[in-house]
Each structure stands twice: as C-alpha cells, then as structure tokens.
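Thanks for coming, everyone. Please take a look at the model on the screen, and then I will walk you through it.

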Amino acid sequence: GMSGENITLVFEGDAGNGLNLAYGYWDTAAINPETGNAGMWFNNDDTYLGKYEFDSNGECMVTFDVPDNCSSLEIILFNYTKIDESTGSTIQLDKGEVQLKKVLIN
C-alpha cells in the first residue's frame, strides 16, 4: 500500500499554461455500503488537487499526501489550458501536450 506516503508529480508543458488535476484511489479498508465488502474507489471533492501553472522552465510540480489505506492511485488531468492574452479568455489545449516526467514517492 501507499498509505502515509507523500507524492510529488512533475509535469512538463509550456510556460504559463495551466493544469486542472485530481486523483482517485482504492481504499482497502472502506466498507462499500452497496455490497458490505471492504474496498472502495474514491474520487470526490477531497481528491481534487486544483489548478496549477507551469513555471518559466515549463515545469509544474504538484505535491499531496496519500490517504490512509490507499493501495492504488490514479492521476486525473481534467484539462490543460492557456490564457489568450488579447481577450483574457481561457483556451482548452490538447492534454496530449502535457507530459508527466517524474513521480516521487517520499
């Protein structure tokens, strides 16, 4: 399991662009109310990581603590965006342009 670990994700993209992230995880001890069995998938407001911006080097670092009883974890990239400087509006970019370069587990 990964309980109690601290995760740092390092993404690579274009400077100034943004990410909107969350994660999901399997909790081995949570009791599923529908089945009465142990083990349940979580992806809710508590697993939302937020919006992050790429620095001038095109890197974005995101750090979070793994919940108790977590045995597997999934990173969810909602969108990759940039701000149109002439209008101030947000432009959706292809998520394939973002690369997850490193995952550090502490």
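**Charges, fold and core**

Start with charge: the chain carries 17 negative and 5 positive side chains, and the centres of the two sets are 8 Å apart. Lys and Arg count as positive, Asp and Glu as negative, with His and the chain ends not counted. Each charge is placed at NZ of Lys, CZ of Arg, CG of Asp or CD of Glu.

This is a predicted model, where local features need pLDDT of at least 70 and side-chain atom pairs count only at pLDDT 80 or more, while totals for chains, interfaces and linings use all residues. Residues are numbered from 1 along each chain as its sequence is written, and side-chain values use heavy atoms, leaving out hydrogens and water.

How confident is the predictor? The chain averages a pLDDT of 94; that score is the predictor's confidence in each residue, from 0 to 100. 99% of the residues score at least 70.

Now the fold. The chain has eight strands and zero helices. Those are DSSP runs, numbered from the N terminus: E for strands, at least two residues; H or I for helices, at least four.

Which residues have the most contacts inside the largest nonpolar core? They are Phe-11, Leu-19, Phe-54 and Val-62, in a core of 19 residues. Such a core joins buried Ala, Val, Leu, Ile, Met, Phe, Trp, Tyr and Cys through side-chain atoms within 4.5 Å. The largest share, five residues, comes from β2.

Buried residues make up 35% of the chain's 106. Buried means under 20% relative accessible area, exposed over 50%, partly exposed in between, with a 1.4 Å probe and protein chains only.
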